[in-house]
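Please read them with the structure open.

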Amino acid sequence: MKILLSALYPYVFLLLYLIIPFDNYIRALPNILVIILVVAFPFVVKKSDFKKLATPPMLLFFAFFVYLAVNSIFNGRIFDDFNIVKKVMIAAGLAILYIPVNDLKSFTGKTGKINTAIIASALAAIIFTIYNFVIITHNSGNFALVDSPQIIESLLIDRVYLGLLCCLSIVISFTAIQKRYHPSNNYYLANIILNLIFIVLIGSKIAMVSLVVIALVRQFYGQRKLWKMLIAVTAVIAVIGLFYFIKNEKSFKNDSLANSKSTPAFIENSLTYELRAVVWKSTANIIKDEGFTFFGIGFDETKDRLVANYKTSINDPQKRERFIENRYNTHNQFLDFYLSAGFVSLLLFLLFIIVSFLVKRNQFLPIAMLALFVMYCSVENLFNRQIGAYYAGFILIVLMVSNRRLKNNKIKEL
């Protein structure tokens, strides 16, 4: 029985990460798979497996989770905060559940089961979106990309998480490409190109910026050559150009939407730059009014305060109503942890990131994943959504069990 469970256990993980983007269509299945993993865990885990958890980054993340739970309990808001605490627990729990899996190929440059699931999941999401786009375009008789109704309605999941999934697939495929010729290299290269094109087509700006940053980080690993410096300079120019585009995006969209009598809700929700600008301003107002907070005001209370601020700070009646109705969160995980759980939670969260960088600084794959994590936490509350918790759990797994392959020679010499 134990041998059978040990053989099937990794495939349950594979199936879990394969179907995550389809959570809206098969909502119960991910939870069922997690329950199966929890039940099977005691039968497949070995005492030696727990050594994987005894690393500074993992210990700090567990300390961060424990503090969130204890802080909520002692301040009498565990029921209000439980939704977020549960998401952090899911990320930590997935890392724990993964320790019996002996899938070293996933983190030594070859695609193992869980990495294969990420790549296949991204491809499935792309195919699903393209299929929807074709159907919707055929029915509407119009063709448009980026922030068009066709694209927004076609997406399998929210654009920010679809972009994150594609970024994970690109990084995994890149690290799987071997220096010497191998038939699978063509597959990984084609997967990278397909995901890059898809990210551009859906207009996921945070995914574009993240990939440029990762391309820049990549130049610090392996042998240093002149062409790498050229790539680094190009990456910096691309980031500056993209930020300039984002800065002026609001006026472009206002001009285009001014010609329309009404704006569909899915288009309004896609104007992410304007949305985040308003939300961050309201968050700054709350931080200014609240002052230094050691224990935080609670995750639900933070949303309530934001809604109250929207009522007084947004002049446009339609926009104000939209922000109030949707109860937009802080759209920044760092600010959310500070306001909701206090300075200590933010400190532990930052320590986890900093220590992870210091411990894994010689390895490209975990550093690339950490860069993705930081970039997305800067513009999104990953732990407000279950899908965000699942992908945060995957990044934790990479940080926990990744092996050295592509090293930073410069750092190593220091």
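**Notes on the fold and its contacts**

1. The protein has 18 helices and zero strands; helices (H or I, at least four residues) and strands (E, at least two) are DSSP runs, numbered from the N terminus. This is a predicted model, in which local features need pLDDT of at least 70, side-chain atom pairs count only at pLDDT 80 or more, and totals for chains, interfaces and linings use all residues. Residues are numbered from 1 along each chain as its sequence is written, and side-chain values use heavy atoms, with hydrogens and water left out.

2. Of the 414 residues of the protein, 51% count as buried. Buried means under 20% relative accessible area, exposed over 50%, and partly exposed in between (1.4 Å probe, protein chains only). Among contacts in the protein with a separation of 6 or more, 76% come from residues 24 or more positions apart; contact means heavy atoms within 4.5 Å.

3. A search of the whole structure gives 25 aromatic pairs. Rings of Phe, Tyr and Trp (its six-membered ring) pair if their centres lie within 6.5 Å; planes under 30 degrees apart count as stacked, over 60 as edge-to-face and the rest as tilted. One of the pairs is F41 with F50: the centres are 6.2 Å apart and the planes at 85°, so the pair is edge-to-face. F41 has 12% relative accessibility and therefore counts as buried, while F50, at 39%, counts as partly exposed.

4. F323 and Y328 have ring centres 4.9 Å apart and planes at 75°, so this pair is edge-to-face. Both F323 and Y328 are buried.

5. Ring pairs also join F61, F64, F299, F334, F337, F349, F352, F373 and F383 into a cluster.

6. F352 also belongs to the contact between two helices: F352, S356 and K360 in α15 meet L396, L399 and M400 in α17. By class, this contact has four nonpolar, one polar and one charged residues. (Ala, Val, Leu, Ile, Met, Phe, Trp, Tyr, Cys and Pro count as nonpolar, Asp, Glu, Lys and Arg as charged, and the others, Gly among them, as polar.)

7. The axes of α15 (residues 333–360) and α17 (residues 386–401) come within 10 Å and cross at roughly 40°. Axes are lines fitted to C-alpha atoms, for helices over the stretch in contact, and angles run from 0 to 180 degrees between N-to-C directions.

8. S313 lies in helix α13 (residues 299–313). At 34% relative accessibility, S313 counts as partly exposed. The C-alpha atoms of S313 and K281 are separated by 9.2 Å, with the two residues 32 apart along the chain.
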